[in-house]
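Work through the exercises below with the model open. Try each task before reading its solution.

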Amino acid sequence: MNEKSSLLPITPNSEIRRTSIFTIAHSSFVLFSYLAIFFFLVHTVLLGHDFGLKKYINLNWLSPNPAPVVYDVIIVGGGPSSLLLASFLTGILPLSDFLPDSEFTNPASFTYPSVLVLESGTESISSLQSYVNDSGSDSDSDSLSFAVTEFDVPQLWEKIATDPKYQWPVTITYNEYLTIPIPTTTTSTTIGTYRQRTSPLLARLLGGCGLHNAMLYVTGTPGDFGSEWKEMERYYAGVRRMLEPRFVTDQGERASSLEEIFFEGCERTGERIDSKGFNDFDLGRARSGCGMYEFGIGRDGTRTSLASVLGSAIDEFKNGGGEGGSDGEGGSDGDGDSNSDSNNNNNNNNPYSNNPYSNNNPYSNSNSNRGSLAIITGATVSKVLFSGKEAIGVAYTTTTEKDSQKKALLKPHGEPSGLGTTDTNIEKRKRMRRVVVSAGAVMTPQVLSRSGIGPRGEVSNLEGVGRNLQDHPAVGVVLRWGDDGKDGENDEQNDEQNFEIYLEKVEAVRRGIEKKPNNSKMATPGFRAGAFFSSPFNSNSSNPDIQITLFPFIATEPHIHVHIPNDISKDSAAGYLIDKNQVLVTVALLKADARYIVVPSDNTNYPSIQIDKTVNLDNGDYFSKRDKKILSWGVKKVREVFDGSVVEEVHPGRKVEGGTALENFIEYNHFPNSHWVGTAARESVVGGDFHVHGTKNLYVVDASVFETIPNGNVHATVAASAMKAAEGFLLEMREGKNKNE
């Protein structure tokens with residue numbers, strides 16, 4: 001035996017054979033296991049099998065350039081419209097529970113589609129964040145640190161709305177004003193450097209503007225929709241069932257005293273006090289007068305948004321609630337309300353209450369035909385992918401791989417629709433192949449333009465893309481109480497105490513310990529009173545043209561903070577603009593002639609906003625002459641209401657009077673309201689079915705499709721429009737066709 005051989009261990013031949021057999025068997029078992037796992041993943045994701053409510057499974061580890069996962073529906077953007085669509089199209093929320101008269105009734109034989117939502121932002125409420133992150137551990141329902149985020153606390157809306165990390169870095173470029181002049185009847189003074197570029201406050205969150213707005217529930221009016229009002233009224237009723245808006249209590253003695261002065265002034269000037277709020281149009285009532293707003297705030301005191309409704313449904317499934325029984329109509333009675341709950345004595349008629357401790361389980365219908373919902377955050381869509389005129393998917397980048405272009409594709413023609421179906425008859429599986437752009441009125445034209453859709457577009461030449469951007473522009477009237485307007489209610493120590501009280505009440509209501517709603521200070525948005533007036537210059541007699549909102553503390557309103565000069569200090573002549581104890585009254589123009597343009601960028605994933613000077617060639621400014629006359633009238637109306645009271649006007653001040661002086665003040669000092677609509681309007685860009693002209697499989701569902709801006713805050717109308725789209729899509733799918741495919 002040579003030296004090398006002598007170094008080998010001496011083993012009997014029989015043992016060598018047994019070792020080899022064991023090694024081969026073990027290796028075969030391991031290989032078989034890996035292959036089984038591999039084919040299971042492929043079968044689950046690529047072939048459309050999903051056992052229950054599953055998330056997107058990342059297959060990037062398979063190869064450097066893996067084949068993309070395919071879906072029936074891809075939704076660009078994760079805002080209110082997107083989440084409402086995703087909820088209904090997957091069957092997570094039964095449409096008939098919110099639209100009990102719908103022709104779509106969730107039949108057992110129906111197969112819902114697989115849906116992918118791509119959202120550029122990375123933050124959201126806790127339930128959706130947990131679903132996206134999929135940490136694998138169940139949440140502790142006793143932990144308020146998990147259940148309540150800053151997005152849930154109504155009083156924090158101003159903080160979220162102005163936080164750059166929750167916004168798109170989009171700017172509005174105004175005319176080249178270098179100063180803010182405050183002209184009087186005789187002189188003109190300057191208070192600071194004007195911001196030529198300012199932020200439109202565009203939410204970059206999973207939940208979109210529904211997580212940073214002021215939660216006001218204001219519908220459109222019969223005057224907005226004409227012959228289509230009855231149809232829209234039906235969808236507004238469905239949205240009300242989802243969000244359950246309610247009136248909130250006062251925000252302390254100071255706020256109550258201010259509201260009392262306000263309503264006394266309204267009565268003195270002959271304006272109606274509307275105890276029913278601003279959404280009651282029974283018996284031909286018009287929107288007019290002074291009253292209280294309704295808000296999307298749940299009984300537990302947390303923000304109620306379309307994100308929270310979807311999040312609650314997901315929580316129910318994760319906690320085992322999705323396996324309960326119900327009828328085939330979604331477990332509701334004829335009115336869309338859930339069965340009565342012996343533990344619920346709070347007059348809460350909303351079957352989708354955000355109380356996870358309630359014995360009511362509105363999400364308990366066991367839908368074996370439910371579709372799959374995939375949500376990817378940190379995913380910025382650059383463009384829609386086409387084969388000829390047919391949308392086949394999207395290209396996107398992620399926050400972790402910004403230089404790597406990813407693709408998400410629609411299922412090929414004939415591919416069985418829906419994940420999780422047990423139906424073996426492919427002919428009965430309905431298809432709903434479509435890409436839905438739902439990125440909001442500013443970002444949607446950016447995506448469309450980069451996809452070859454717009455003026456001189458290669459895919460579809462649509463001049464209306466990016467044009468017609470509308471808002472409810474506003475000016476602020478700042479008031480002062482007596483000497484300094486302070487009463488100690490707004491200091492940091494009290495805020496900390498208020499937050500502790502708030503969390504205690506959230507838990508008490510959720511556990512059923514407290515039967516009354518959480519009306520603590522942090523459970524309110526910081527204001528609740530307002531008014532709708534008609535000026536002598538109103539061109540639509542059926543709608544008001546001025547909206548007034550009363551903010552007891554100027555610090556509550558985010559827009560004026562973003563748009564005031566950078567160099568103002570509290571000790572300066574204009575320090576009242578940043579004094580949180582001052583009172584602010586905003587005067588908003590409800591139907592402006594003025595328009596903006598969204599200017600797409602080829603170099604970045606976000607556009608810019610510029611004034612459309614072609615609209616008002618008479619003066620070249622943002623406003624038309626009529627716009628400024630209406631807003632001037634609105635400022636004078638505020639003065640009239642508070643005239644003779646203990647409240648003193650400090651900005652613009654009574655010295656700014658007369659037509660020219662007040663109109664100049666308005667031109668230089670207005671600010672956006674971030675109620676953006678109109679950049680992919682019906683007729684010019686999309687049809688009544690939301691389909692983009694000149695394309696196949698491509699749709700737009702968001703505020704972009706509005707031809708004209710609704711009367712008042714737009715969030716409820718955005719949700720109602722999305723509900724209309726969802727119902728239409730589902731009815732088409734039930735018939736097994738996509739007429740625009």
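**Exercise 1. A helix and its surroundings**

How many residues of α3 are buried?

Solution. This is a predicted model, in which local features need pLDDT of at least 70, side-chain atom pairs count only at pLDDT 80 or more, and totals for chains, interfaces and linings use all residues. Residues are numbered from 1 along each chain as its sequence is written, and side-chain values use heavy atoms, with hydrogens and water left out.

Start with the terms. Buried means under 20% relative accessible area, exposed means over 50%, and partly exposed lies in between (1.4 Å probe, protein chains only). Helices (H or I, at least four residues) and strands (E, at least two) are DSSP runs, numbered from the N terminus.

Now count. In α3, 10 of the 10 residues are buried, so the helix is largely enclosed by the rest of the structure. The buried residues include Pro80, Leu84, Phe88 and Leu89. After α3 comes Gly91, with a positive phi near 80°.

For the background, take the whole protein. Buried residues make up 57% of its 741 residues. Its secondary structure comes to 17 helices and 24 strands.

**Exercise 2. Packing of α3 on α17**

Describe how α3 packs with α17, from axes to residues.

Solution. First, the geometry. Helix α3 (residues 80–89) and helix α17 (residues 715–734) pack at about 30°, and their axes are 9 Å apart. Axes here are lines fitted to C-alpha atoms, for helices over the stretch in contact; angles run from 0 to 180 degrees between N-to-C directions.

Second, the hand. The crossing of α3 with α17 is right-handed.

Third, the residues in contact (heavy atoms within 4.5 Å). On the α3 side they are Pro80, Ser81, Leu84, Leu85, Phe88 and Leu89. On the α17 side they include His715, Val718, Met723 and Phe729.

Fourth, the classes. The contact has 13 nonpolar, 2 polar and no charged residues. Ala, Val, Leu, Ile, Met, Phe, Trp, Tyr, Cys and Pro count as nonpolar, Asp, Glu, Lys and Arg as charged, and the others, Gly among them, as polar.

**Exercise 3. Aromatic rings**

Classify the ring pair of Phe499 and Tyr502, then that of Tyr622 and Phe623.

Solution. Rings of Phe, Tyr and Trp (its six-membered ring) pair if their centres lie within 6.5 Å; planes under 30 degrees apart count as stacked, over 60 as edge-to-face and the rest as tilted. The whole structure holds 23 aromatic pairs.

Take Phe499 and Tyr502. Their ring centres are 6.1 Å apart and the planes meet at 25°, so this pair is stacked. The two residues are 3 apart in helix α13 (residues 492–510), which means a separation of about one helical turn. Phe499 is partly exposed, at 31% relative accessible area. Tyr502 is buried, at 0%.

Next, Tyr622 and Phe623. The centres lie 4.8 Å apart with planes at 55°, so this pair is tilted. Both residues are buried.

Which residues do ring pairs link into a cluster? They are Trp157, Phe278, Tyr293, Phe295, Phe527, Phe532 and Phe551. Phe532 also has the charged end of Arg287 over its ring, 5.1 Å from the centre. Arg204 lies over the face of Trp168, 3.8 Å from the ring centre. The test is NZ of Lys or CZ of Arg within 6 Å of the ring centre and within 35 degrees of the ring normal.

Technical notes:
A crossing is left-handed if the near helix is turned anticlockwise from the far one by less than a right angle, and right-handed if clockwise.
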